[in-house]
Amino acid sequence: MRIDPIIVRARRLRPRRLVPQAVSRRLRRLWAVVRRQWRRSLQFRVVGITLSLSAALVLAFSYTVASLISNGVLQNKLDQSETAINNGAEYAMRELAGFTQADDPSLPPNLRNVVTQLYASINNQQAEVIMLRRSGNLSAVWPPQGDSSVMDEPSVRGLRTLVVGPKSGTYQQIATLDIGNGLQKYLVLGTPVAVGSVPIELYYVIPLRTEDNLVQFTGAVVTGTGIALVALLALIAAMMTRLVVTPVRVAARTAQRLSAGLLDQRMVVRGEDDLARLAAAFNQMAANLQRQIVRLEEMSRLQRRFTSDVSHELRTPLTTVRMAADLLFAYRDEFDPAAARSAELLQAELDRFESLLTDLLEISRFDAGFAALDAEPTDLVPVVRRVGEQLTALAERCKVELKIVVPEAEVIADVDPRRVERVLRNLVGNAVEHGEGKPVIVTLAADGSAVAVTVRDHGVGLKPGEEKLVFNRFWRADPSRARQTGGTGLGLSISLEDARLHGGWLEAWGAPGKGAQFRLTLPAHGGDRLVSSPLRLVPDDARADEAALIGETP
């Protein structure tokens with residue numbers, strides 16, 4: 001039996017907590033929709049700004065007009081009432097001029113007659129005319145149901161103080177009073193009447209219902225007109241903006257289709273105005289872009305085909321020349337020194353030529369989109385060590401110390417070992433050649449989502465901006481530099497394509513005189529998206545040097 005009241009109470013309290021949250025949630029959603037429309041819609045912004053400015057102007061105009069009308073009506077009523085009470089005071093002085101004693105028994109009837117005549121001159125049945133004596137209880141009010149105690153109300157007590165004060169004159173005040181018809185606004189005017197030694201006060205209490213209704217009606221009319229005007233301005237702004245925004249939206253949609261590869265998309269040209277000229281210029285631009293893109297695609301196709309055909313066609317003569325060069329190289333000891341040297345140079349250049357053809361074929365596969373990835377779970381530790389062993393002879397010839405830093409545990413990743421080994425061989429070979437006899441450090445690291453290999457040299461480094469150019473085809477930082485291996489100039493370009501084929505990154509950092517560092521980052525699992533790398537691109541020693549220059553701790 002005790003559970004039911006608790007349940008009823010809980011049900012009653014729950015809506016009280018949820019209703020404000022629901023309202024707040026709806027307001028936030030509405031605000032989010034308005035902000036989204038404000039950012040995305042030019043028409044919405046123009047209409048909103050027009051609506052705001054026009055509302056402010058109409059509000060100021062309406063307030064000014066209503067104030068002028070209200071002040072004019074009220075001032076007219078004040079002038080009429082002040083004239084009426086001044087005339088009434090003069091009439092009262094003439095009618096009561098013969099009374100010199102306050103206890104004259106004929107004074108009260110005459111006061112009532114004067115008040116009745118003054119009330120008749122006002123011509124307002126809801127008004128009151130009050131005559132009071134400054135001391136005693138002598139008073140006269142018309143109409144008969146009126147009450148002179150209204151002058152003792154706090155809202156008009158200050159007016160009576162002015163009337164009985166030392167300065168004679170006519171005083172007025174607007175007050176909200178209840179004199180039998182409910183609370184209303186009244187105009188109360190007061191002035192002293194000099195009747196011998198009898199101090200008398202004359203008051204007019206005039207209702208302002210007609211004027212108040214007129215002011216309210218004027219305010220309602222002005223407000224309604226302002227709202228209608230603002231709505232009309234907003235509608236006009238929406239219609240005019242639509243005329244301009246619609247072609248812009250059509251142009252945006254057409255541009256999106258063009259960027260998606262639909263090069264035959266065009267805008268419809270109507271008329272001869274500025275928008276029509278814009279549409280015609282847009283169509284002309286699209287046609288020119290289509291011609292240029294088709295031309296470039298044809299040239300690229302021809303270039304790829306030429307590279308592939310030349311690379312394949314050169315295989316047969318290269319094989320023949322290779323057989324002859326191998327024969328000459330094998331018997332070079334039987335030749336004279338000049339001929340033996342020529343046989344060695346021929347063998348070296350044929351090796352380089354064969355590497356160039358291999359790289360050109362690989363580049364043509366990437367350009368044609370035929371490069372395939374044979375990924376499999378691979379331990380990268382032996383791959384990195386094998387690359388180091390392959391380039392040990394080159395490092396000794398260049399007098400460069402080659403250091404391999406790998407974890408003791410296995411580093412497994414879904415990669416194509418042949419392509420990864422080729423990338424590392426290109427990076428380490430370039431680092432050894434540009435190491436200026438200083439150590440080259442190869443570091444392997446991994447985390448839960450990615451593996452990374454950095455190749456750090458301490459040679460001449462890279463100038464600002466060259467960290468992007470090094471991956472361009474046939475680009476060299478110093479074309480006059482003597483090379484030890486006679487590279488083709490395509491190694492880093494192919495390495496970059498191999499990294500992208502894995503869904504990875506190949507990045508470079510360098511500074512003049514501080515060497516360079518290349519970082520290869522690959523996802524540990526095929527198809528994953530990289531978000532970070534286990535190794536930093538900028539070496540720790542370079543970060544320490546920069547921190548030392550600015551006086552901070554690295």
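The model is predicted, so local features need pLDDT of at least 70 and side-chain atom pairs count only at pLDDT 80 or more, while totals for chains, interfaces and linings use all residues. Residues are numbered from 1 along each chain as its sequence is written, and side-chain values use heavy atoms, with hydrogens and water left out.

A search of the whole structure gives 11 salt bridges, each defined as a side-chain nitrogen of Lys or Arg within 4 Å of a carboxyl oxygen of Asp or Glu. One of them joins Glu 211 and Lys 77 at 3.7 Å, N to O. This pair links distant parts of the chain, with Glu 211 in helix H5 (residues 209-259) and Lys 77 in helix H2 (residues 42-95), 134 residues apart; helices here are DSSP runs of H or I with at least four residues, and strands are runs of E with at least two, numbered from the N terminus. Glu 211 is buried at 15% relative accessibility, and Lys 77 is likewise buried at 15%. Buried means under 20% relative accessible area, exposed over 50%, and partly exposed in between (1.4 Å probe, protein chains only).

Arg 519 belongs to strand S12 (residues 515-523) and Glu 507 to strand S11 (residues 505-511), so the bridge ties together parts 12 residues apart in sequence. Arg 519 is buried at 9%, whereas Glu 507 is partly exposed at 24%.

Finally, Asp 416, Arg 419, Arg 422 and Asp 498 are linked in a salt-bridge network.
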